[in-house]
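The text should be read alongside the sequence and the structure shown here.

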Amino acid sequence: MVVPVPFRRWVLVKYRGSQTILGGFYCLLPIQGQRVIAAVASYRHGGQVEYKAYSMFVREYGDVLGLGDNLVWAVRADLVKWLDALVHNSFLRYSTPGVDRCWYLRRISQFLAFAPTMLLPQGLRSSFEGIGRSTWILLRHGCKAWPIQVVDAVMQNGWREFRIAHGIAPNYKLIFMCERKWIFNVIIFDENDIEVSYNWTMLANEHWRQFHVVQGHLITGCLPSTILSNLPLIKSGYCCIPEVNYLQEFQTRLQPVLEDLNLQTISIRMGNKSWTISVDNGDLNAAMFNPFLNALHLQVHDYVFIAMLPNLEVRVVILDAGNDKERIYDWL
C-alpha cells in the first residue's frame, strides 16, 4: 500500500471557543487536498492533558504509515515526535519507485542564487525522467524540512522558500544525501567551502553521519561534550586541480582537530574499507597516506568531502566531476 499524497507538515487546530493552549486537533496537511486529523488533545481529571491518535486516522492509515503500538501520550513532545515521523514516513510510502542512496552535488551560479526554480544535480536527473512527470521530494536540513515539487527534473514549488530561508548565495555548494526514496538531507557550504549553520541545524544536522555505515553504528557519545562542541564535524570539501598537494590539503582541513586533540593516528573510513595514518607533530605520514590517495583515482575538479565524526573517525566522499554524483567504489 502507498500514500497517494505525502504530508508536508502538521498544525494544531484549537477547539472552537477554547481558551486553552494545548487542547485541540493535531492535523496533517497533505501536499494537495484537505487536512487530516491525526490526533486529539483533551483535558482529563485534574487538568492533565492527554494526547491520543484519532481513531479514524488509525483505521485509514494504520497499515500504510506504521503508526506504532503506543498511540496515547501524556507529554506533548512525544506526540510531536510521532507527528514528525508521520510526515517522514508519508514520503517513504507514497511512491514505490525511488532514488538510490547516494550523494549529489549542486553548485550555485549567479543566476541560480536568485532563480525561483533549480535544476536537479546532473547525476540525479535520471531518477526523474518523463516529460510532465511531477514528484514531491522532502529536503531535510537540521530539524526542519521543506517539501519540494519536482517537474521535469526541475525543483519548483517550495524551492524558492528553501533558498530564501537559507540565504543561498552565488558560489554556494549544496550536497544532497539521499536517505531513501524521495527524502534528501542537505549540507550547505559557502563560497569558502565552509559549512553554513542556521538556528535549526547545529547538533540537529546529524542525519548524514550514518551514511555508508557497514559495521555497526557510530559511537557519537565517546567524547566529553566540551570537546564535541568545539569539534568541527565537517571541515570542508575542495575542488581538485592537478597542482594540488593532496596530503597538504588534508592536513590543512584537519589541522585544528589534529592540534586540539593531539592525535597520534587518524582512521579514514569509506564504506567497509579503512586506512590508519599516523600523525607526527601535526603532520600526516606520507607513506601511509599515499595508498589511500591512490585508491581514490581522483579526476580534475572532483569534489572531495571530508568529515570528522565525534568518534574521531574521518569520513570521505568523492563527488564525481563528470556528473555531480558520488563515485561508487567496490568497497561502498
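Strands pair when DSSP finds at least two bridges between them; helices (H or I, at least four residues) and strands (E, at least two) are DSSP runs numbered from the N terminus. Strand S4 (residues 49–53) runs antiparallel to S5 and is joined to S5 by 2 bridges; Lys52 has Val72 in S5 as its bridge partner.

The model is predicted: local features need pLDDT of at least 70, side-chain atom pairs count only at pLDDT 80 or more, and totals for chains, interfaces and linings use all residues. Residues are numbered from 1 along each chain as its sequence is written, and side-chain values use heavy atoms, with hydrogens and water left out.

The 18 residues of H2 should span 26 Å at 1.5 Å a residue, and its end C-alpha atoms are 25 Å apart, which agrees. The expected span is 1.5 Å times one less than the number of residues. Buried residues of H2 include Leu79, Trp82, Leu86 and Phe91. Buried means under 20% relative accessible area, exposed over 50%, and partly exposed in between (1.4 Å probe, protein chains only).

Strand S12 (183–189) is mostly covered, with 7 of its 7 residues buried. Ile183, Asn185, Ile187 and Phe189 point one way from S12, whereas Phe184, Val186 and Ile188 point the other way. S12 pairs with S8 in the parallel sense over 3 bridges, and Leu138 stands opposite Ile183.

The structure holds 18 aromatic pairs. Rings of Phe, Tyr and Trp (its six-membered ring) pair if their centres lie within 6.5 Å; planes under 30 degrees apart count as stacked, over 60 as edge-to-face and the rest as tilted. Two of these pairs are set out below.

| Pair | Centre distance | Plane angle | Class |
|---|---|---|---|
| Phe128 and Trp182 | 5.1 Å | 55° | tilted |
| Trp146 and Phe162 | 5.3 Å | 90° | edge-to-face |

Phe128 lies in the loop between strand S7 (118–119) and strand S8 (134–141), and Trp182 in the loop between strand S11 (173–180) and S12, so their pair ties together parts that are 54 residues apart in sequence. Phe128 counts as buried at 4% relative accessibility, and Trp182 at 0%. Trp146 belongs to strand S9 (residues 144–151) and Phe162 to helix H3 (residues 159–166), 16 residues apart. Trp146 is buried at 12% relative accessibility, as is Phe162 at 0%. One aromatic cluster is formed by Phe250, Trp275, Phe289, Phe292, Tyr329 and Trp331.

Where does Asp302 sit? Asp302 is in the loop between helix H6 (286–296) and strand S17 (303–308), and Asp302 is buried, with a relative accessible area of 0%. The side chain of Asp302 makes a polar contact with the side chain of Arg327 at 2.7 Å. A polar contact is a pair of N or O atoms within 3.5 Å; within protein, one must be able to donate a hydrogen and the other to accept it, and residues adjacent in sequence count only if both atoms are side-chain atoms. A polar atom of the Asp302 side chain also lies 2.7 Å from the backbone nitrogen of Gln299.
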